[in-house]
Amino acid sequence: MRKNRVERSGQSGVALLMVITLITILTLVLVEFSGTARTHLQSGINLRDEMRASTMAETALTLTRSCLDPAAWDSLKSFQENMDLEQLCRIMLNLFIKARVDLPIGGLSFEMNGIEGIGLFKGDVDIQMKTEESYIGLAGLHCPGRGTTGSNCANRRTTARKLRAMLCDPVLEDVFEKPQADGKEYTRDDIIGNLVDWIDADNNRIVYNPIQGQFSEGAGEGEDSYYRDILSGNGYRSKDAPFDSIEELRLIRGINDRIYDHLKSKISVHSAGKVDVNFATADVLATLLRAESPWFQAMENQGNACGQDSETLERGEAALNFYVKLITDARNLRKAPSPLTKPFRGKNGINDFITVVKDPLAQILNSGQRMVGNLMQLTAQDILARYNLTEAQYLELQGEFARYADNLKDSVTTESKLLRIQAQGAVGNITRRIFAVLKRDGKTVRTLYYREE
């Protein structure tokens, strides 16, 4: 009897073990199944949100193209030409998509009750627009001819002078004092020559002489030999065609991360001509003034260090940046009464800008007086006190940087046909961005560059 009882107990233990094992296996299967189901569900949600985000970014870009289209403005085309298109298109975009008006005045925003826009309000849409001509244009390095004469067209020499002014910024001084990752040392003039070699149509090396402001054909290796030799023989050739994107600068011999980071916010690979002073940053305006200053040119031509006396150069740089701040403040005050319009516009726009460069203090004083009206009488000393400047210090700055203001007339404009666009759509955790460069070409808005990520 005891034997049977033991056998039944053993059988029960085996059965219990089998049940526990089966439950464990089923639990593992259910957990795996549940995890897989959640993964597939989340993948579906992500795919849905990705499509929505991409659609939102595409919609923002499409609406921006419509905002830029001259035909859409018809008889109001002249009005469009005088507007800050970044602000204008942003207002129209939010009105159409989100049924909301965001004004560039103290962050004021108004909801349009009872209007739902086009239904994209459940996500987030953003558009950033910059005038491409507000940067230094690398396309200006292109010359139509070949040989010594063809290498020295006016726009190439002017662009090279601006590039050297950027590369002579004291913040880059240590970069040119030691070898780069490839074991070679490069001068600023080497890099300018390498940029030209990348886009010109031959294999001849180009050498830049900043003192003469001239390019010439160099002797020795061809321009492609270096690119073929890097990466253990698995290199590449120079492009022999215009740049397509700013990121392409990373391929240029001598441009390391430091130099690329310094240049990328100041240059355009699509713009070839004049800089739009309505939207140019302080850094770009400083580059324009520096490129026209004989004092800076004399300093920059004292060897690869862009000036043997670096402390003197740094003081000059600080003075230049201070004077440019006065210019940008005067520009902002000109725009203050009507934030949707450009500060310099119409046939007198360039002359108005040159007037500001010659005496920004007078422009700040006049604009400030208009804003306060009869409430108080402003004086030059009142304005200078806000900048911690004496009248003598201001006159010294003005004497150095205003003397060559008229030389800027050939380098600046108040109109722009090229727009740099970043359209972004966000749904949930998914964000999609579209980068594009659009050109207003007569009655057509053309796409010069497009990338989605």
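A residue is termed buried under 20% relative accessible area, exposed over 50% and partly exposed in between (1.4 Å probe, protein chains only). The model is predicted: local features need pLDDT of at least 70, side-chain atom pairs count only at pLDDT 80 or more, and totals for chains, interfaces and linings use all residues. Residues are numbered from 1 along each chain as its sequence is written, and side-chain values use heavy atoms, with hydrogens and water left out.

**Exercise 1.** Characterise the largest pocket by volume, lining and contributing elements.

*Solution.* Step one: a pocket is an open set of points on a 1 Å grid over the protein atoms alone, where a 1.4 Å probe fits, with protein on both sides within 12 Å along at least five of seven lines; lining residues have an atom within 4 Å of a point. Step two: the volume of the largest pocket is about 460 Å³, taken as the space filled by probe spheres set on the points. Step three: 23 residues line the largest pocket, and Ile246, Glu247, Arg420, Phe435 and Arg451 lie nearest its centre. Step four: elements that each supply at least two lining residues include helix 9 (257-264) and strand 10 (418-427).

**Exercise 2.** Identify the residues that touch the most other members of the largest nonpolar core.

*Solution.* Step one: a nonpolar core joins buried Ala, Val, Leu, Ile, Met, Phe, Trp, Tyr and Cys residues through side-chain atoms within 4.5 Å. Step two: the largest such core has 67 residues, and Leu195, Phe243, Leu249 and Phe353 touch the most other members. Step three: helix 12 provides the largest share of this core, seven residues. Step four: beyond its neighbours within four places in sequence, Phe353 contacts Val277, Leu285, Ile327, Phe344, Leu408 and Val412.

Terms used:
Helices (H or I, at least four residues) and strands (E, at least two) are DSSP runs, numbered from the N terminus. Contact means heavy atoms within 4.5 Å.
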